[in-house]
Amino acid sequence: MSVTESLGLHLDPLETFMIEAGGFFMVAGIVIVVILLTSRSLKNRRQRVVTELHEAFQPSLNVMLAQSPHEPMPDSSQHYHLEQLQKAMAQDRIGKQVMIDYLIALKRSLAGTATIRVDEVYRALGLHLYSENKMHSRVWKLQAQGIRELATMKYHLPEKLKRLYVRARHETLREEVFMAITRTEQDNPLSFLTDYAGKISPWMQLNLHHYLSLMDPRKLPDFSQWFSHLDEDVVIFCLQMTAQFRQATNVSGIAALLEHKNPRVVESAIQALYNLGAIEYANDVIRAAERYPAHINICLLTVDFLELLEPGDPRLMVTESYLDHPEFVVRKKAVCNLLKEEEYGRFRLSLRPQTPELQALIEDATEPLLH
Amino acid sequence: MPPNPYYINQTVMWNLIYTLVNDGVLLYGFTVAVWYFFLAIMSMIEMHAYLKRNYFIDYSYILSSPFAPGISLLAPAYNESLTIIDNVKSLLSLMYNNYEVIIINDGSKDETLNKLIAAFDLVRVPLAYEMTLPAKPVRGIYKSRNRAFRKLVIIDKVNGGKADALNVGLNLANKPLVACIDVDCIIEPDALLKMAKPFLEDREVIASGGVVRIANSCVVEEGRLVEVKLPTNLLAKMQVLEYIRAFLLGRMAWSKLNGLLLISGAFGLFRRDIAVKSGGYDPNTVGEDMELVVRMRCYMHDHKIPYRVAYIPDPLCWTEAPSTNEVLGRQRNRWARGTFETLRIHKKLLFNPKYGLMGMVSYPFWLVYEWASPMIESTGLLFFLLLVILGKVNWLFFFSLMLAIYCFAFFLSMFALLTEEFSFYKYTHHKDILKMIGASLIEPFWFHPRVVWWSLVGNWKLIRGEKSWGTMTRQGFVEYRKNVAKA
């Protein structure tokens, strides 16, 4: 006899279903409440453990990281502090992970030789083996975490695993390896690009640029080697890097890309030539822009590029042609750039019909607070 | 004696109505539960994936990068003199390099403009612009003489409503992305970094929305949120629970399905070119935020351009929730009107396969489970009262139905709190979790009926042709700071 029958209630199937469903959701709700309360107490406990571990790590780390490069610490003292740290970590997973997180946080906030010492402590404690082990995990997040830790501590990824992960299907994992290679392989930081057939999102470009900008500029690769890459995202990335790192010797390669069929590549090529001040390619830029009269970005970049010309250069007439462009932003940019050479610009603009729009654009361009 | 045909007809008719309403409401309730359960599970999975994906992200790289996309922050202001200076200072101190702040004074009748002029040393400038989107005339454009405020542009225009003000902002915006915000909201310092990331990850993203949270009782200093607290006011507390449920459970799943129709007007980031090409904000609706998203999506479908509307579950924007029945009622009836107006404007979407998932799933869901829900609920309630009067209630059935609904509502709230606990964990005080559990237990009786009533009022006002926004009285965060100081 069911509970409801024992209460003298005779339920039809629908009522039974609803009561059972209600019961299920109530029990599920109560289970969640228990999880919530347990989670709160676990979080507090974990926080306490982390604080205690940090306090235990602090004295030895302070001594080890603060040593002067001219007066290295005696080996015995070094061993003593490493032993103290090992003891504090207690060789369990939580201890090791807290130590790694702590070292990473320290590395971010330190500069100079102290950061090298952080790397040394990481290796001396054998934590690189712990990070490497994560790369063998089945969980991609752990794999990515391992890669990130090794890269932060400037530890080269094992060659076999690196080759494996460069072709990983998981996007985040793949990107982590790219960034790790860029960070750790100073001699060839973009080695993965050559065989890479996928996309490089602007987000990835931004990250790679960040790590490249931290490198010794003399060790930066020649980005023009990837100008003929099959993937247009890679080409665009390399064009942008050429401009950012001012590899002026590559301008002829950049100019050749003005003929590219993808307008995004052409846009990046004009931008790169402008950033590098490659005025000798003005005719090529003008020809390329003529192919894309409705492409706003290409028009705007061309107007910017023409700004590099000397006053009186007959090619400045091209800028004037943009005064009749259908897009307001292009017309505005053209007026603004013409007026940068104020006398010449005012003269040229005075030859045009004085429409209210032109007057407004001239006022805008000559207002210092707006530019 | 032959049976009376009139009596037979009446009985048949009654049975027909009874079956239709009874089974209809029951079926509706069942499908609502299935849908919400499905969305909750899907949101949980997506949230888990999002947190894992973003575990390693260092947003500071965007801050220092020359490749970060430019953002124009558009903030309409109407009679905001009480808090405008703090709010603008807060917007000017966001962590992002390439951005401008455009405050649109929408014909304020108070001292909003004068206070801005005095505080930021503003002068009128002859900025040239094109009125691509039609809007009420601009009276003047101001820039600061102080280089520290060079990111700030103030536009003074004739009053035309929020949508009209945003259209002026869209016309004048100089950057490829525009963030439309409520000026009285508190934006997290890293909000723009997080909102810009989807645009960097995927070139097909045309808009991204963020989570809005309730700031009542939180500690705010210098326009920055310094401590998150659960509101002391019960009405606001209920809204905390409601917002967590809506933002963490509903929208996360719709984003995964690429069927998100609503990005909150309090904080959304859009591609300017698409927003302008699709016609900008519609000043004739009070639900302009949802309407713009739907129109941008329609534009992309009509032009067969692949696109995505992204969603960031991080709490990026904090707003003051109405803490009185009167103000909350006005807000909710406006939301009801806005929803219906948007659905009416875009009625061509309904079960239109040309618009993909938006036409086949999102739009019908909004129509049936969001807009029509209060009407169906109240029909069920009226029918129940009729049955009570006629003495035809099956009480056992009634109580089992109520039990199922109540338990499901409780479960859903707990599920939302669980998602919050394992994701952003903003309410860290021990008692907060107990208070929210308590609130979820009384919510179905205490708060939900009011929301249904206000939605009905909203729809009634719509039928009567009312278009106004209604006054939103706010306490202002400055008050909170004073209260904290007193404490």
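Two strands are taken to pair if DSSP finds at least two bridges between them. With that term in hand, this report describes a predicted model and begins with the sheet of chain B.

## The sheet of chain B

In chain B, 10 strands form an open sheet of mixed pairing, in the order β3-β4-β5-β2-β1-β6-β11-β8-β12-β7. The edges are held by β3 (122-124) and β7 (186-187), each with a single partner strand, so one side of each has no neighbour in the sheet. Strands of a sheet pair through backbone hydrogen bonds, in either the parallel or the antiparallel sense.

Strand β8(B), residues 205-214, pairs in the parallel sense with β12(B), residues 308-319, over nine bridges. Its other pairing described here is with β11(B), residues 267-271, where three bridges join strands that run antiparallel. B:Ala207 takes part on both sides: it stands opposite B:Val309 in β12(B) and opposite B:Phe270 in β11(B).

Five of the five residues of β6(B) are buried, so the strand is largely enclosed by the rest of the structure. In a regular strand the side chains alternate between the two faces of the sheet. In β6(B) both faces are covered: B:Leu177, B:Ala179 and B:Ile181 are buried on one side, and B:Val178 and B:Cys180 on the other.

| Strands | Sense | Bridges |
|---|---|---|
| β8(B) and β12(B) | parallel | nine bridges |
| β8(B) and β11(B) | antiparallel | three bridges |

## Helices of chain B

Helix α3(B), residues 84-92, lies across β1 (71-77), β2 (99-106), β5 (152-157) and β7 of chain B, and runs at about 160 degrees to β2(B).

Elsewhere in the chain, helix α7(B), residues 234-256, packs against helix α14(B), residues 430-446, at an angle of about 90 degrees, with their axes 10 Å apart. Angles of 65 to 115 degrees count as roughly perpendicular, and α7(B) and α14(B) are therefore roughly perpendicular to each other. On α7(B) the contact is made by B:Lys237, B:Met238 and B:Leu241, and on α14(B) by B:Lys435, B:Met436, B:Ala439, B:Ser440 and B:Glu443. By class, this contact has four nonpolar, one polar and three charged residues.

## Where the chains meet, and the core

Chain B has 38 residues in contact with 40 residues of chain A. On the side of chain B that touches chain A, at least two residues each come from α1 (5-53), α2 (60-64), α6 (191-201), α13 and α14. The largest share of that side, 15 residues, comes from α13(B). Its residues divide into 26 nonpolar, three polar and nine charged.

In soluble globular proteins, nonpolar side chains tend to be buried together. The largest nonpolar core in this model has 219 residues, and those with the most contacts inside it are A:Leu273 and B:Ala179. Helix α13(B), residues 395-421, gives the most to this core, with 13 residues. Setting aside residues up to four places away in sequence, A:Leu273 touches A:Val251, A:Ile254, A:Ala255, A:Ala278, A:Tyr281, A:Val285 and A:Phe305.

## Residues in loops

A:Met135 is found in the loop between α6 (127-134) and α7 (140-152) of chain A. A residue is buried if 20 or more other C-beta atoms lie within 10 Å of its own; A:Met135 is buried because it has 22. Apart from neighbours within four places in sequence, it is in contact with A:Gln143, A:Gly146, A:Ile147 and A:Leu161. The C-alpha atoms of A:Met135 and A:Gly146, 11 residues apart along the chain, are separated by 5.7 Å.

Most residues other than glycine have a negative phi. B:Asn79, in the loop between β1 and α3 of chain B, has a positive phi of about 50 degrees, and this residue is partly exposed, with 16 other C-beta atoms within 10 Å. B:Phe351 lies in the loop between α10 (325-345) and α11 (356-371) of chain B. Its phi is also positive, near 50 degrees, and B:Phe351 is exposed, with 10 other C-beta atoms within 10 Å.

Conventions. Residues numbered from 1 in each chain as written. Chains lettered and ligands numbered in written order. Predicted model: local features only at pLDDT ≥ 70, side-chain atom pairs only at ≥ 80, totals over all residues. Axes fitted to C-alpha atoms, helices over the stretch in contact; angles between N-to-C directions. Helix = DSSP H or I, 4+ residues; strand = E, 2+ residues; numbered from the N terminus. Parallel < 35°, antiparallel > 145°, perpendicular 65-115°, else oblique. Contact = placed C-beta atoms within 7 Å. Nonpolar A, V, L, I, M, F, W, Y, C, P; charged D, E, K, R; others polar. Core = buried A, V, L, I, M, F, W, Y, C linked by C-beta atoms within 7 Å. Buried ≥ 20, exposed ≤ 12 C-beta atoms within 10 Å, placed from the backbone.
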